[in-house]
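Subject: Handover of a structure

Dear colleague,

Please find the structure below, together with its sequence.

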Amino acid sequence: MDKKDFEKLKGTVDAFQSACNYISQMAFNKGCFDPIALHALVYQKVRAIFKLPAGLAIQARNRVAESYRQHREKLHTFSRNSMALDDRLFSLLRSRDFTVSIATIKGRVKSGLVLGEYQRKILEKPVKSASLILRKAGLFLKICVAYDVPHKEAAVPVGVDVGIRKLLVGSNGFTACGGPFMVRMDQYESHLQTLGTKGTSSAKRRLKRLARKELRWARTTLHQISRRFVESLKDGEYIALEELPETKTSDIGKPCKCKDHPAAFRGWAISRLLSMLSYKCAGAGVPVVYVSPDFTSQRCPRCSTIHKNNRRTQALFRCVNCGFQHNADYVAALNLREQARGGWAAVSQPHAVHKGVDCKPLGSS
Ligand SMILES: [Zn+2]
């Protein structure tokens, strides 16, 4: 790509980001967050001020409306150097070794792509949308393609417990330990905390670089674990994950950088792992069911007794009734599997079904 085209694309990404911040300010000031109402409020002004093509003005409005869908208490600012492209703003020409055509504020720009064999193969599939990302290293294009998911019949559930001490434990015996992961996460968190307190600007830059490195490592590790687990599943198996509150699973992006919440990164790692499991299973045609996590750490998989003392320590489960003993995370995975099989028919004590009630072991009352 020549310098002129690069400047056109860069200028458009900058204009898109400024437009998002402008729309966000308008939406917040007027308390108007509905995409259609917001369109009437800002569309003409955005076109006139930022000279964005119609499609990009709509994409900017969509990004702002989506951002305010859940949290509307404070003004949202947009600092990501990226813009969303639909099939009118972006097209992929396969005939001439993968060339893309992208709409900018100064007409369309055509450019070749730097691709490996893996990407070339994927790009043979129908393209759905893309986003253009501006980084220090240059311009990057993230392209979404559609592909057929194999349909598999599955009747055998595999319970999956995700956590920090053991990142992933499956009822099929798959285990991924969290030890090295915890060490790296502690390093990441301490970098963030130091960043938030003091330091010269060069020290801050160095810490930021280190924190980004930990983050990349964490992401890669989670990808590897989720892929290995999905590969460990046999034909006819599906997975049962615990249902987490929407607030946890919807916040899938970067970890919270707030220095007051160092534990946020752990929550991020878990929700990220759950999200990876869910889409990797979808890609492999493995169904995923979500079951209630209630009492999964307190229920004995052998005799069904639910008691808080069954969980002796973070790692050890020993049933107060029958003495069944195993790793606590593995027990949770077994219980999730049981939930998927149709619930806990054996647990019929009336005081066992309400959350927060101290449950007695079977036969003790
Ligand atoms: Zn038991």
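Leaving aside residues up to four places away in sequence, L168 touches V160, V162, F174, A176, I225, F229 and L273. Please bear in mind throughout that this is a predicted model.

L168 also belongs to the largest nonpolar core, which has 36 residues. L168 is among the residues with the most contacts inside this core, and the others named with it are V160, I239, A240, L273, L277 and L336. Strands β7 (156–162), β8 (166–170) and β10 (237–242) each give two or more residues to the core. The helices that do so are α5 (179–197), α6 (201–232), α8 (264–284) and α9 (328–340). Another core, of 29 residues, lies apart from this one; A19, L38, L52 and F90 are among its members.

Helix α1 (residues 3–30) packs against helix α2 (residues 35–50) at an angle of about 145°, and their axes are 10 Å apart. The crossing of α1 past α2 is right-handed. On the side of α1, the contact is made by A15, S18, A19, Y22, I23, M26, A27 and K30. On the side of α2, it is made by L38, L41, V42, V46, I49 and F50. Of the residues in this contact, 12 are nonpolar, one is polar and one is charged.

Is K110 buried, exposed or partly exposed? It counts as partly exposed because it has 13 C-beta neighbours inside 10 Å, whereas a buried residue needs 20 or more and an exposed one has 12 or fewer. Apart from residues up to four places away in sequence, K110 touches T99 and S101. Its C-alpha atom is separated by 9.6 Å from that of L93, which is 17 residues away along the chain.

For the protein chain as a whole, the secondary structure comes to nine helices and 13 strands. Of its 365 residues, 30% count as buried. Among contacts with a separation of 6 or more, 62% are between residues 24 or more positions apart.

Finally, a word on confidence. The mean pLDDT of the protein chain is 83, and 87% of its residues reach 70 or more. Over residues 247–262, however, pLDDT stays under 50, and the model has 23 contacts beyond four places in sequence for them. Residues 346–365 also have a pLDDT below 50, with 24 contacts in the model beyond near neighbours in sequence.

Yours sincerely

Note on methods:
Residues numbered from 1 in each chain as written. Predicted model: local features only at pLDDT ≥ 70, side-chain atom pairs only at ≥ 80, totals over all residues. pLDDT = per-residue confidence, 0-100. Contact = placed C-beta atoms within 7 Å. Axes fitted to C-alpha atoms, helices over the stretch in contact; angles between N-to-C directions. Helix = DSSP H or I, 4+ residues; strand = E, 2+ residues; numbered from the N terminus. Left-handed = near helix turned anticlockwise from the far one by under 90°. Nonpolar A, V, L, I, M, F, W, Y, C, P; charged D, E, K, R; others polar. Core = buried A, V, L, I, M, F, W, Y, C linked by C-beta atoms within 7 Å.
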